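Welcome! Please take a look at the sequence and the 3D structure below, and then let us walk through some of the details together.

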Amino acid sequence: MLNETEIQQLLERMTVDEKIGQLVQLTGSFFDNDENVITGPIGKIGIEKQKIKYTGSILNTLGAEKITNIQRNYLKQDRLGIPLIFMADIINGFKTIFPIPLALGCSFDPKLVKSTAQVAAQEAAVSGVHVTFSPMVDMVRDARWGRVMESFGEDTYLNNLFSQAMVEGYQGRNDRNLNIVSCVKHFAAYGAAIAGRDYNSVELSERALRQDYLPAYKAAVDAGCGLVMTSFNTIDGVPATANDYLLDQILRQEWGFDGVVISDYAAIKELIAHGVAKNEKEATRLSLNAGCDIDMMTSSYSNSLHQLLGEGTINESQLDKSVLRVLELKNKLGLFDNPYRNASQELEKELILCDEFRKIARDAVTKTCVLLKNDNILPLNKHSQFALVGPYAQNNNISGMWSFNVDKSQVVTVEEGIKQYVDNFKTVKGSPLIDDLHFLESLGAHGSQAEILNENAKDLLNEALQTVEDVDTVIVAIGEHPHQSGEGGSRGQLTLPQSQLELLRKLKMKRKKVITLLFSGRPLELSEVVQNSDAIIQCWFPGVEGGNGIADLLFGYANPSAKLAMTFPHSVGQCPIYYNHLNTGRPAIESSHSTRFTSRYIDIQNEPEFCFGYGLSYSQFKYSKVELDKKVMTKNETITASIKIENTSDRDGVETVQLYIRDLVGTVARPVKELKGVQKVYLQSKETKEVEFKITNDMLKFVQKDFSYDSEDGEFLVFIGGSSSIDNDIVFELIK
Ligand code: BGC
């Protein structure tokens with residue numbers, strides 16, 4: 001490692017072009033000719049050719065051999081021997097692909113989530129990656145937004161836990177001491193895009209921003225993440241990438257972040273489209289001034305910084321600050337000692353997709369699939385006769401939009417998973433995966449997608465109806481196409497394709513017992529699915545061990561314990577919908593006004609299809625009333641809230657016990673409920689356990705009228721139960 005003086009000396013030896021280069025990130029395709037995953041306009045980058053050689057970091061190039069070669073060739077020509085840094089989107093795993101983040105959120109289990117990040121770190125590190133653009137901790141409330149699949153859901157408390165867990169998992173020690181640096185994103189509030197349309201503007205009150213959206217980014221910063229990525233959106237009219245209030249005042253000054261800030265893909269140049277910069281030169285000035293160190297994938301910094309320095313609009317010490325941060329990151333990673341770091345083809349072979357990692361992935365599937373309905377049909381007896389139907393039955397494309405590195409041949413399909421337990425069943429497709437052929441064509445339908453275009457929904461349905469003639473039970477694996485969620489995957493409708501719904505209807509008409517396995521990157525409208533299914537498992541996109549984990553659940557080798565991290569709307573018209581809303585002056589239920597003049601819709605219900613925190617188990621749990629050890633506390637004291645929980649069933653299981661608090665009267669209106677604690681409790685059949693939560697003053701704090709962060713005296717309700725819709729509550733008082 002270099003010491004501070006050595007880094008300073010290195011900086012002093014650098015030319016302006018060399019310095020600027022450190023602030024530019026390009027894909028590896030500028031250095032070799034292989035294809036890379038790109039989400040923005042690569043062809044239009046327009047970077048001056050002679051400047052490419054100064055580039056300081058590389059985006060989304062993977063693999064020990066490739067990265068080692070690029071690094072070696074780069075260092076041969078770099079005058080000062082400053083190594084490249086390789087950054088990539090390792091979102092839900094590297095090659096051992098885990099369930100998508102929204103699914104991981106449903107585990108309500110930070111330890112599990114941390115272990116997935118540890119696995120990803122090890123695989124990525126040996127493949128030569130230094131930094132991952134994860135976690136994404138954008139809080140989300142609108143299922144129309146495609147990127148809800150990348151988030152941990154709608155709750156700030158859970159987001160904080162997972163944010164910290166992911167950063168610790170990537171960066172912390174693990175058995176093999178193979179880690180990578182974490183870049184939290186997208187700063188800030190990208191998840192609040194108006195109407196759920198990707199890249200759309202964000203309008204939030206300062207209070208909502210600070211209370212609900214910022215804490216999870218801060219949790220990552222407090223956990224020591226090395227980088228922060230800006231978001232694409234404007235907030236209060238100012239794009240995040242040029243937002244000095246966010247990047248300087250909040251991030252650097254209030255939170256003391258001293259790492260690197262990187263723009264999102266092409267976000268600097270996009271300041272022109274936002275209408276806050278006339279040209280790239282202005283975009284560069286605004287971003288650098290705001291505190292954005294690295295320009296990802298545009299020519300703005302590369303082509304304009306020199307000129308701005310010449311004009312004196314930006315001074316060299318400003319440039320130096322950003323360059324220094326990048327050099328420090330490289331130093332912290334040990335790249336000056338060993339520019340190849342952990343890249344190793346032998347370790348790639350040994351570790352990637354090894355049994356140990358796959359086991360963690362399989363366990364994660366069982367802990368993230370949410371049992372939404374079960375009319376005494378699951379777990380399924382291995383000896384029962386059933387058929388497997390649906391476009392996800394034999395589909396290995398179940399890792400979600402961001403898993404561009406997945407080896408699909410390594411993915412266990414639902415059919416393969418079931419076959420380890422039973423093999424005398426038939427499988428047919430039953431319906432196309434997607435009815436909207438135009439959508440597929442717009443993706444450039446090729447390969448297996450082209451086959452879909454030739455499918456005839458009626459033929460598939462008829463074949464399925466014949467296949468199920470002799471069985472009572474049908475497992476139906478359906479859902480949205482993986483490309484219908486993720487970046488650029490906003491939807492205005494949250495329905496399943498009509499042909500899939502028709503399949504369910506027809507099976508029900510034939511009086512079959514229907515077990516629906518639902519694959520999606522977001523909450524969908526499910527009322528018809530609920531009507532026509534006897535059981536539903538929300539499988540999300542479960543990754544490489546998907547089929548195995550799902551089969552474990554189907555046959556009762558694992559017992560579901562996951563809970564929804566995001567509300568499922570009854571109808572898309574309710575979006576954004578979330579459990580911790582304010583009460584309004586005319587709440588639909590308790591209001592004294594006539595029904596019409598309350599806060600409700602006249603054509604759809606207020607209640608969601610499934611609320612936040614909801615999820616069934618094969619066990620049944622009975623909660624006692626909540627009890628408190630005392631009814632009054634001062635700010636220095638704590639109160640212990642407890643319940644007894646009994647597993648009344650014949651099956652051992654884990655219940656996710658949730659603590660919610662409501663501040664009944666505040667100087668600003670407070671949510672009807674807020675999650676403040678979670679415990680996963682294992683209960684053997686017929687066992688009873690007492691579960692305790694300590695209520696502290698910190699849990700009662702909120703962003704006050706004057707923007708201080710404190711609690712207020714008064715009465716609070718405490719709820720403990722198995723979902724956010726519980727009314728098992730008791731009151732206590734906070735006094736001075
Ligand atoms: C996404 C980021 C991602 C980046 C680099 C952007 O389009 O918004 O989340 O990290 O691309 O691939």
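## A buried valine

V326 is buried, with a relative accessible area of 2%. You can find V326 in helix 12, which covers residues 316-332. Keep in mind as you look around that this is a predicted model.

Which residues does V326 touch, leaving out those up to four places away in sequence? They are Q22, L23, V260 and I294.

## Around the ligand

For D89, a polar side-chain atom lies 2.4 Å from a ligand oxygen. In D264, an N or O atom of the side chain is 2.5 Å from an oxygen atom of the ligand, and for N60 the distance from a polar side-chain atom to a ligand oxygen is 3.4 Å. How much of the ligand does the protein bury? Taken alone, the ligand exposes 310 Å², and the protein buries 99% of that.

## Two serines

S403 sits in the loop between strand 12 (386-389) and helix 15 (414-419). Is S403 buried or exposed? With a relative accessible area of 9%, S403 is buried, because buried means under 20%. Beyond residues up to four places away in sequence, S403 touches N92 and I97.

S499 belongs to helix 19, residues 498-509. At 13% relative accessibility, S499 counts as buried. The side chain of S499 makes a polar contact of 2.5 Å with the side chain of D435. Setting aside neighbours within four places in sequence, S499 is in contact with S431, P432, D435 and A457.

## Cysteines without disulfides

How many disulfides does the structure hold? There are zero. C369, for instance, is in no disulfide, and the nearest cysteine sulfur, that of C539, is 4.4 Å away. C369 counts as buried, at 1% relative accessibility.

## Backbone details

One runs from S134 to P135, with omega near 5°; P135 is in the loop between strand 4 (131-132) and helix 6 (156-171). Another cis bond runs from K185 to H186, with omega near -10°.

Finally, look at two arginines. R341 is not a glycine, yet has a positive phi of about 45°; R341 is in the loop between helix 12 and helix 13 (345-351). R511 also has a positive phi, near 60°, and lies in the loop between helix 19 and strand 15 (513-519). Is R511 buried or exposed? R511 is exposed, with a relative accessible area of 75%.

How values were computed:
Residues numbered from 1 in each chain as written. Predicted model: local features only at pLDDT ≥ 70, side-chain atom pairs only at ≥ 80, totals over all residues. Heavy atoms only, no water. Helix = DSSP H or I, 4+ residues; strand = E, 2+ residues; numbered from the N terminus. Buried < 20%, exposed > 50% of the residue type's maximum accessible area, 1.4 Å probe, protein only. Contact = heavy atoms within 4.5 Å. Disulfide = S-S within 2.5 Å. Polar contact = N/O pair within 3.5 Å; in protein donor to acceptor, adjacent residues only side chain to side chain. Areas by Shrake-Rupley, 256 points an atom, 1.4 Å probe, with all protein chains shown as cover.
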